[in-house]
Amino acid sequence: MANKGWTGNFFEDFELGRRRRCAVPRRLTDGDVSAYIALTGDRTPGYCGGEPRVHPLITFHLVLGQTVRSISLNARANLGYADMRWGVPVVVGDTIRTEIEVVGLKENSSGTTGIAWVRTEALNQRDETVLSYTRWVMVKKRGSEATRWLEEPVVPTLPKAVAPESLSLASVEAMPSPEVSGAEWAFEDYEEGERIWHHDGMTVNPSDHMAFTRLFQNTAKVHFDALLTEGRPLVYGGVPVSVAYAQALNGLDNRVGIVGLNGGAHANPVHAGDTLYSFTEVVGKARTADPRVGALRLRMFAVKNEDPLAIERGGGFHPLEDDPRKPGRQRHRSSVVLDLDFWELMPTRAGLTGR
Amino acid sequence: MANKGWTGNFFEDFELGRRRRCAVPRRLTDGDVSAYIALTGDRTPGYCGGEPRVHPLITFHLVLGQTVRSISLNARANLGYADMRWGVPVVVGDTIRTEIEVVGLKENSSGTTGIAWVRTEALNQRDETVLSYTRWVMVKKRGSEATRWLEEPVVPTLPKAVAPESLSLASVEAMPSPEVSGAEWAFEDYEEGERIWHHDGMTVNPSDHMAFTRLFQNTAKVHFDALLTEGRPLVYGGVPVSVAYAQALNGLDNRVGIVGLNGGAHANPVHAGDTLYSFTEVVGKARTADPRVGALRLRMFAVKNEDPLAIERGGGFHPLEDDPRKPGRQRHRSSVVLDLDFWELMPTRAGLTGR
Amino acid sequence: MANKGWTGNFFEDFELGRRRRCAVPRRLTDGDVSAYIALTGDRTPGYCGGEPRVHPLITFHLVLGQTVRSISLNARANLGYADMRWGVPVVVGDTIRTEIEVVGLKENSSGTTGIAWVRTEALNQRDETVLSYTRWVMVKKRGSEATRWLEEPVVPTLPKAVAPESLSLASVEAMPSPEVSGAEWAFEDYEEGERIWHHDGMTVNPSDHMAFTRLFQNTAKVHFDALLTEGRPLVYGGVPVSVAYAQALNGLDNRVGIVGLNGGAHANPVHAGDTLYSFTEVVGKARTADPRVGALRLRMFAVKNEDPLAIERGGGFHPLEDDPRKPGRQRHRSSVVLDLDFWELMPTRAGLTGR
C-alpha cells in the first residue's frame, strides 16, 4: 500500500491554469497577535492597541505558510514576488484561506528543475480578498524526461511595481495620532533618497525562528530539522522581514501598515545566532485618493552580524557591490539578507492633525 | 515555623478511595490555541480554522499538568495510562478543573517506592466530563517503614484498550471537508497493518519544550532546572506526543482528533537538541454509531535522531528489538521515544462527501 | 537630512514638571495572558481560571516597556522604584497607555550622567489609573556642559514604603477558595520573620527572556543584541521578578496578587543559562478595610545558580553580606539577582471560609 504521507508537488505536477484551494484555513486570533509581538517586538500602533486588527504581515506569513505544501515542499529557491497587494483588512476572528493558480511554467535547461509562477489569493470567511500576489519558485523535477515547458515556456508578464493607485486604502482606519505614536513625522516629511537608520539589533535564537515559522503552520523541513541541515536549520525568510519591519517603526512611527509589495530578495541565508539590523530608503512617494494618507515606496534592508550604521559612518554602507564572478553585474553585500521593496501608507500632515 | 512550600505527596500520603480536586482550574483561550500551534506546528483542520475549538491534546496536557503537584512531584516513573477517553469537546473560554481518586496502591519490594493508580476526571465549568483516564506512577516513599500496601496491594483491573463503542462521537463536528484538509483519504482507505510515514523532522530547542511545559502549568522540576539535571533538563513526555501528532497529520489529513488512548510508553528520554521523527501504524478499525466517522486504532511512534523512513528503506525499521539483558523479552529500539496506542476518529467516504 | 530614527532622551532632554504620553498604547488580550503563563509558568488562581483578569505583573511589565523609549534608552542604571500601587484591575480587552512626569533631576558630579525621577501613571481606556509609581534612573548626558541640575538638584521626597491603608482592594475579587488553590494557608497563618522556600529552579533560555521582553514591547538594546553585548545579552530585570513570583505561589497559594511595591534592587545581572531559585520573607502584616483580606509585606529574593535552600541547610543563606570594599556597608551576595519588597493581598481565614 502506497504511503499516504505527502511529499509535495514536483515540477511535472503543476498544471497551468488550474485553481486550487490550499489546506488548511486558519482563524486568526488575539493569540496570534500576541505571539507575533512576542516573537518580533512589533509596535505598529494600529495593530497593538485599540481595535483588534491583525497586522498585515501576520496575514502575509499565514498565506505563505498555507501555500508551502502545495508549492514549495520541493522548491530549490524562492525566486520572487510581484504585484502583492493587501485588500480588506483582517480582524481578530477572521478565518483565512488561500487559493492558488499556476500562471506560468518554464523548464530549466538543466533538466532537473523548472520555474512555476503562481498567482495567490487569500480570502476571509466572507470571500473577500485580503491578500493577492504572484510568486515564482524553482521546483525540482521528479524525472529526467523533458516537459513541454522546456520548449514552450509560458512566462507571465508581471508589473515591476504595484501602481500606487491600485493600493487599497481600507487600512487607513489603523492610522495613529502623534499622541499615540509618539512622533510627528508625516508623509510630507519624507524625501526620496532619504535613509532611515533604525538603531536596533536582534539576535535570532533557535526557538524564536522555529516558533515563528510554526505559528504560521509553515512545514518546510529545512527550518526545523537540525539533523537534515547538519546542525544549521535555515531561518524562514519571513523572519528577517518581520524583525526588520518591527525595527523600522523607529523613524516611520506613524505608519499605517504595508499595503503593497513590489518585489524582494532573500539575498543571503540567516541562521540561528545571527544578529539582524536594518535600515530603510525612501525610493518613491505618491499621493492617494484619501487626503489623510500618502504612499511611501520604501526599500528596507536587513543586515546580519554587522551594524550598517557603523559602516555608514566609516565610509558608507553599500548594500550592492560589484560581483567579481560576473563582471559588470552587481550582487548583494554578503551581510545583506533582505532587500524588500514595498508601499507603506503614511499619514499626511492633514491626516495627523485631523484637519 | 514549618516551611509552607509544598514538596509533594509521598507514597504514604496517598489514600485509597479519596477523591480530591487538583489546583488550579484553568480557562483555556485563543491564546493557548495559538501557543500550541506555535510550539508544535499542529494543523489539524477542526482545531485551527472556523469554530473556536480546543485541540484534544491541549486538554490532555493541561489535565496532566494539573495533577503534577498532587501526584507526581515525587514520582520516579510514569508507568502507564489506561482507559483514556475524551468527552464533551472543549471550546475556547471553558474553564477546566481536574479531580482525582486513588484506585490502587502497591508497595514495591524494594521498600523505597510504591505504585499508585489514580483515576482522573477533568470537568468544564458546567461539570461535564471532558477527559477521564487511569494513570499509574511509581512514587517515592517518605520513610522506610513498610505500609499495608506491601502485603495487601490493591491493583485495579484496567481494560487493555478502550472499547470503540465507548468513544464519544461529540467531536464529529470538527470533521473537515477534503477542500479544507487538502486530502481525499477516508476511513475506508486505511488498512490494518498499514504504515504511514510522516516525512518531517523537528529539533527540540530548550525554550520550545520548557515553554510547552509551562503553558500547561506543569511544574515538575526535572523539565526546567539545568543545575539539578547536570545541564540536561528532561523534556516533558508530552512534547513528543504533540510533536509527533502534529507531524502525523501528513497521511491522516482528515482526522477529527484523538478520542481515546489505550496505552503508551515513553520508551526513552528526550533532551533539548534531539530531533524527532514519527510514523504511524494502523492497528485496528471500528465502525461507529455515526455513519460519517469510523474509529482508527493507531500506534504512533516518535523516534529521535534518526529518520525511521531512511532505516525502513535500508532494510526495515523495527521499533521493538530483542532485549539482550532479558532473553525472550523485547524492548524499544534506543531511538524510539514514544509508542502511543490510541483511537482517532476518521471521516468515512460518506462523511467526506456529505452523502 | 537628519535621521528620523530615535536614539532616546539624554539627561539634558528631561524637562521638570512636563507630563507626556508614552507611545504606544496596548490592548491586553487572552494571548498575552497565555504567553505570560508559557514564559513563567505562573499559576496564581485569580489570573488563570474563571474570569478573564490580567495578572498585575503583566501590567507592570507593559508599563515599564512603554516608558523605555521615553526614559531609559540611554540609561546607565535602573536605580529604584517607590510608591508603586496597582489601581483598577485590568481585564482582558483593556487598552493601557502610560503617562510620565519628571519630578526630580540631579546631575552627577562626574559630569557624564544625571539622575531623573519620573512619576509614572498607567491608565485604561476609561482613563482609570491601573498602576502608578515613581522610578529613578541614571541617564547619560549628551554633552559635557554642566546643567543647572548640578548646582540646583531637585530631589523628590519619596515614601520608604507604600502605606497599607493606601493599597487598592479592588483585586479582592481575584481571591481563590482553598478548593481552587489547593491550600488552606490564610493571612493569619503567616508570621513576621517567616521564610518560605519555594522549591523550584528555572533555567533562563535565550528565547525565554527575549520573547518575554518583546511581549511587553520593551526595546532596550542590551536585551536582544548578542553582537553589542559580546555574546551575553542582559536579561531584562523583569524576568527574575516574574519567574520568582511564579515560583513563589508555592507557599503563598491563596494570594490575590501584588498590590503595592515598596522598593527593590536588581542586585546582580542575569544572563541566559542562569538558573533561578527564590524564597520569600514575611516582613510585615497589616489588616485592611476588607475583612476578607489582609496585606502581607513580603521580601522576595531571586538567586542564581545555587539553591538557597541547600545553603540554608548548610548553615544559613544570607542574602546580604559585608562589603569588603566598603567597611561597615553591606552588599548583596553575588548570587542574589533580585531583592523585592512588596505588598501582597492574602485572604483571611474568614475570607477563605466565606464567613
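This is a predicted model: local features need pLDDT of at least 70, side-chain atom pairs count only at pLDDT 80 or more; totals for chains, interfaces and linings use all residues.
Student: What makes chain A as compact as a globular protein of its length?

Tutor: The radius of gyration of chain A is 20 Å, and the globule rule gives 20 Å for 355 residues, so the chain is as compact as a globular protein of that length. The C-alpha trace of chain A spans about 65 × 50 × 40 Å along its principal axes, and the chain holds 8 helices and 14 strands. Of its 355 residues, 57% count as buried, and among contacts between residues at least 6 apart in sequence, 81% join residues at least 24 apart.

Student: Why is Gly104(B) called buried?

Tutor: A residue is buried if 20 or more other C-beta atoms lie within 10 Å of its own, and Gly104(B) has 20 such neighbours, so it counts as buried. This glycine lies in strand S4 of chain B, residues 95–107. Leaving out residues up to four places away in sequence, Gly104(B) touches Trp117(B), Val154(B), Val155(B) and Pro156(B). Gly143(B), by contrast, is 39 residues from Gly104(B) in sequence and 20 Å from it in space, C-alpha to C-alpha.

Student: How do you know that chains A and B are related as by a three-fold rotation axis?

Tutor: A rotation of 120 degrees, with 0.0 Å of shift along its axis, superposes chain A on chain B with an RMSD of 0.0 Å. The two copies are thus related as by a three-fold rotation axis. Chain A can likewise be laid on chain C by a turn of 120 degrees and a shift of 0.0 Å along the axis, again with an RMSD of 0.0 Å. Of the residues of chain A, Gly31(A) comes closest to the rotation axis, its C-alpha lying at 2.2 Å.

Student: Which residues and elements of chain A make up the side that touches chain B?

Tutor: In this interface 36 residues of chain A are in contact with 38 residues of chain B. On the chain A side, the elements that give two or more residues are strand S2 (26–27), helix H1 (30–40) and helix H5 (206–215). The largest share, 6 residues, comes from H5(A). By type, the residues on this side divide into 16 nonpolar, 10 polar and 10 charged.

Student: How do you know that the copies meet through different surfaces?

Tutor: Only 14% of the interface residues of chain A are also interface residues in chain B, so these copies meet through different surfaces. For chains A and C the corresponding value is only 13%, and therefore the conclusion is again that the copies meet through different surfaces.

Key
Residues are numbered from 1 along each chain as its sequence is written. Chains are lettered from A and ligands numbered from 1 in the order in which they are written. Two residues are in contact if their C-beta atoms, placed from the backbone, lie within 7 Å. Helices (H or I, at least four residues) and strands (E, at least two) are DSSP runs, numbered from the N terminus. Ala, Val, Leu, Ile, Met, Phe, Trp, Tyr, Cys and Pro count as nonpolar, Asp, Glu, Lys and Arg as charged, and the others, Gly among them, as polar. Copies are superposed by least squares on the C-alpha atoms of residues with pLDDT of at least 70 in both. The radius of gyration is taken over C-alpha atoms; the globule rule is 2.2 Å times the number of residues to the power 0.38. A residue is buried if 20 or more other C-beta atoms lie within 10 Å of its own, exposed if 12 or fewer, and partly exposed in between; C-beta atoms are placed from the backbone.
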